[in-house]
There are 4 protein chains.
Amino acid sequence: MPKYGFIGLGIMGSPMAANLIKAGFDVTVWNRTPGKCAPLVALGARQVESPRQVAESCDITFAMLADPAAAHAASFGPEGVLEGISDGRGYIDMSTVDDATSCAIAAAIVKAGGRFLEAPVFGTKKPAEDGTLIILTAGDQSLYDEAAAALDKLGKLRLYLGAVGQGARMKLVLNMIMGGMMTAFCEGMALGQKGGLDCSQILAVLDAGPLANPMFKGKGPMLMAGNFPTSFPLKHMQKDLRLAVALGDKLGQPLHSAAMANETFKRACAAGHADEDFSAVYRVIG
Amino acid sequence: MPKYGFIGLGIMGSPMAANLIKAGFDVTVWNRTPGKCAPLVALGARQVESPRQVAESCDITFAMLADPAAAHAASFGPEGVLEGISDGRGYIDMSTVDDATSCAIAAAIVKAGGRFLEAPVFGTKKPAEDGTLIILTAGDQSLYDEAAAALDKLGKLRLYLGAVGQGARMKLVLNMIMGGMMTAFCEGMALGQKGGLDCSQILAVLDAGPLANPMFKGKGPMLMAGNFPTSFPLKHMQKDLRLAVALGDKLGQPLHSAAMANETFKRACAAGHADEDFSAVYRVIG
Amino acid sequence: MPKYGFIGLGIMGSPMAANLIKAGFDVTVWNRTPGKCAPLVALGARQVESPRQVAESCDITFAMLADPAAAHAASFGPEGVLEGISDGRGYIDMSTVDDATSCAIAAAIVKAGGRFLEAPVFGTKKPAEDGTLIILTAGDQSLYDEAAAALDKLGKLRLYLGAVGQGARMKLVLNMIMGGMMTAFCEGMALGQKGGLDCSQILAVLDAGPLANPMFKGKGPMLMAGNFPTSFPLKHMQKDLRLAVALGDKLGQPLHSAAMANETFKRACAAGHADEDFSAVYRVIG
Amino acid sequence: MPKYGFIGLGIMGSPMAANLIKAGFDVTVWNRTPGKCAPLVALGARQVESPRQVAESCDITFAMLADPAAAHAASFGPEGVLEGISDGRGYIDMSTVDDATSCAIAAAIVKAGGRFLEAPVFGTKKPAEDGTLIILTAGDQSLYDEAAAALDKLGKLRLYLGAVGQGARMKLVLNMIMGGMMTAFCEGMALGQKGGLDCSQILAVLDAGPLANPMFKGKGPMLMAGNFPTSFPLKHMQKDLRLAVALGDKLGQPLHSAAMANETFKRACAAGHADEDFSAVYRVIG
């Protein structure tokens, strides 16, 4: 049985590592704040003292870090993954990072003799706990194949998308569609309300027909309540729309509607809603 | 038990009337082409010779006619509904008609002593057969209440939305959201494809996450095949977007994204795709 | 020498009629408030008591009325133009009216035996006084030719555009371009200001180069001062954008940018700036 | 009298240097292809063999180079400006370069003991010959003041805009307005034409009223002829719109109309018109 490592035990990483352990895998963990390792050790994990130690003692190391800076540090920093990886060992970075960070880590891992897979996920805390994430991988296909059994404990759907960068690109496409759907939804709710319709009836009709989707169902009551507790920050959605439009620029793909959604989310940022949930774009539409 | 009438036995009307008969209701039918009545008579319906005869012999008469002209003729024409309705009898027009036609029929029915309910539906042939339409009613609420048992055999969801006109307005709101979602979907598929992603993987990811909806699932393969057999004609979607934007104009509701979608559907019309399915908007985006 | 009539002596009509008299033409005037005729009589005009009397005593009658209702009343009302026109006499309506009003008047004049020319103008009080209006005519071309000498005293440019309705259509095209230019101008000023540029320097550069135009020169200082005294009401610009987009709808011409400008002006209306100058759209952009 | 240098004698630089010489200034020139110096030497210029020699022998050196790479090479390359500049000598770069290049050159010049002014121009060959360029300067204000007499021979308007980078920013704002105006113009012409108006009449009316500007006058006949000889390449306009929208992103300024124009120019690029004049955007609108 291969030995697995897990670096980064935050809101997402902890339940993900736990799912691997509960499935009977051999798991070695590390976290910057060591205390977070205890519950996993209690479940059967081995704890070590650095990313380097994880990488050099495991066949395949997973990482789920908070941001690009943390992902970069875990690889390139002192006692980092790069000091431990070699001999074809695998590194699967599931953090959401930008292209440049992802490519830099990938290149360094490969140069050090390891194999790299980018694997950003779709889904938040609950799916991480339930093992129902959607995992978008790209990079070394042999590593993808070898990690299949473990990935299946973390998510309900895993896809191999090609060269490093295609995982991030898929996330952009999805978030761009999400931003456009949210804008259309908010405009519809606003128009209906101004037109004397009852928003709960609009939601009921939407939910019964061909447009029914979990997002409308989840966010609809938030629009009605005018209360937008942050699940996915509005400023991140705006950033992704901006990047998607820029990608369209690079690829020669006009995106009239996404560009429009981008400007509307930008207006919501300018109006002070950057840190609210992205559904708060309703505030500048309604 | 109340006596029900049913006028208009086309693709939609025939299975709807059949559902009422199979449910044990007393149903009288009429159709312009009388031959279409035979299968319903075989199921137990009574056949008469004019809309007038339906209206004067039934407590509640349903109509499902092909277009505003047919709806207008059935009411106002010789031997029409208006000649037979009186004494508080009910007329429920489920045809999709414009505001002006709906209001003209409503006013005439009320003036003649009858009660009127507009009841456009969301859903096509299959839901009509399965009795799973979504029914958007507006007008006389007592008639809505009395017709509840029958409406429940025709649809899986029925809503009472207020004064005549609100049913049509709800349909506009829904179609506007649908047009915006389709535009966002097509832009996402086009961007992904230009970016080297596999469209079937985009569809798989969409279908596994918070944006999953029957429309993407149904239309996605059509986008991939570049083949758009008409379910809802593109020109009708463009008309509804135009009317929704005009409604926003009237109500003081800016609709940047819907306006953009309207122009894009308009471009698809100008490019010769008016009679294809509305998902053929992909042809001018991709 | 032909005899000219002039109906409607408001802010525009008075100086226009005066220009005809000063040019030595024989002019007969009427105004609903008769007192407004005195200064023109002092210049040499003949005053009569109704539109009918003007029309039946003159070869060519001009009208410059406040709105469609006034234009309609002057033609169709008691003692109106239609009671006096016949024998090929000409009626040139320079009021800004909607298509329907214009066509109704045109048809009635022709039926009564007269000739009709629609002639909306581009320009306000000052050009009316200076005889430098831009006159957009459509309708009876023989009347256009016969009135040439008089039109040349009213405006610096006159165009014959074809059938009745083309004058109004040309105004829509111009106002649509004007609305788009104003939106681009406001966005540029807003971006420059946020970027630390001095707006007066932006105006100076604009005025020195290929984009220099009287509108930027006139409205620029208003944008800087944040003060928008009404010359052309914002709500009228929004109406014209709406009509232009609707015309594009009818003619199969997508208008992404005009549609966007329309929504932005709509937002300015919704924010309470409907009665300010149309340049006040800057308030919702800047 | 100060000694002036001029580096880069292309289509723009040659007539600019000639204007300085004809005005009686002491001018030293260099060009990569030395043959281009001959006509200027005939007018009285001194010719040297490298940018270094220009910089070290002149008080103020102007540069007008073809692109960022050429501008970079002239400063940083062997025998470049940086090897000759010191003691407060001035370097005025009038090339159109990106922010990064401009800031890199500025920093290096200052570090070497020189003074730097960025000075992109608005205007092409003809204004360069006529000395009627618009000069947008930013950087060292003392250098701006000292160079005033010379700048006045090159342009009809010169502005000092602040820190290095503001010159480029002003150009973005102007080009963004230009792109929006062009889009509005093309939509208006297209709508008019579809509506049966004569485009030459639209141009005549535009040219007589408040929207009259040299760009419409110059490009209008090109739109009518459907022929777009390149003066400012469409792809450059699209790039500037992209950068302007990105600047809006950074500064929190929503730009719905500029974003829309960007997508439309992007569509024109995708349709194969990237190298035509930017007015060829008409091809995808009309």
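Q: Before anything else, where do the domain bounds come from?
A: Domain bounds come from an automatic or database domain assignment. Keep in mind that this is a predicted model.

Q: Fine. Which domains does chain A have?
A: The assignment gives domain 1 (3–163) and domain 2 (169–285) of chain A.

Q: How far apart are the C-alpha centres of domain 1 and domain 2 of chain A?
A: Those centres lie 31 Å apart.

Q: And how many residues does each domain of chain A put into the contact?
A: Domain 1 of chain A gives five residues, and domain 2 of chain A gives four residues. On the domain 1 side, four are nonpolar, one is polar and none is charged.

Q: New topic. What rotation superposes chain A on chain B?
A: A rotation of 180°, with 0.0 Å of shift along its axis. The RMSD is 0.1 Å. That is how a two-fold axis relates copies.

Q: Why do the copies, chain A and chain B, meet through the same surface?
A: Because 98% of the interface residues of chain A are also interface residues in chain B.

Q: Now chains C and D. How many residues are in contact?
A: 56 residues of chain D touch 56 residues of chain C.

Q: Which elements of chain D give two or more residues to that side?
A: Two strands are listed, β8 (133–139) and β9 (155–160). The helices are α10 (166–194), α11 (199–208), α12 (214–225), α13 (234–251) and α14 (256–273).

Q: Which one gives the largest share?
A: α10(D), with 19 residues.

Q: What classes of residue make up that side of chain D?
A: There are 35 nonpolar, 17 polar and four charged residues on the side of chain D that touches chain C.

Definitions and conventions:
Residues numbered from 1 in each chain as written. Chains lettered and ligands numbered in written order. Predicted model: local features only at pLDDT ≥ 70, side-chain atom pairs only at ≥ 80, totals over all residues. Contact = placed C-beta atoms within 7 Å. Helix = DSSP H or I, 4+ residues; strand = E, 2+ residues; numbered from the N terminus. Nonpolar A, V, L, I, M, F, W, Y, C, P; charged D, E, K, R; others polar. Least-squares fit on C-alpha atoms with pLDDT ≥ 70 in both.
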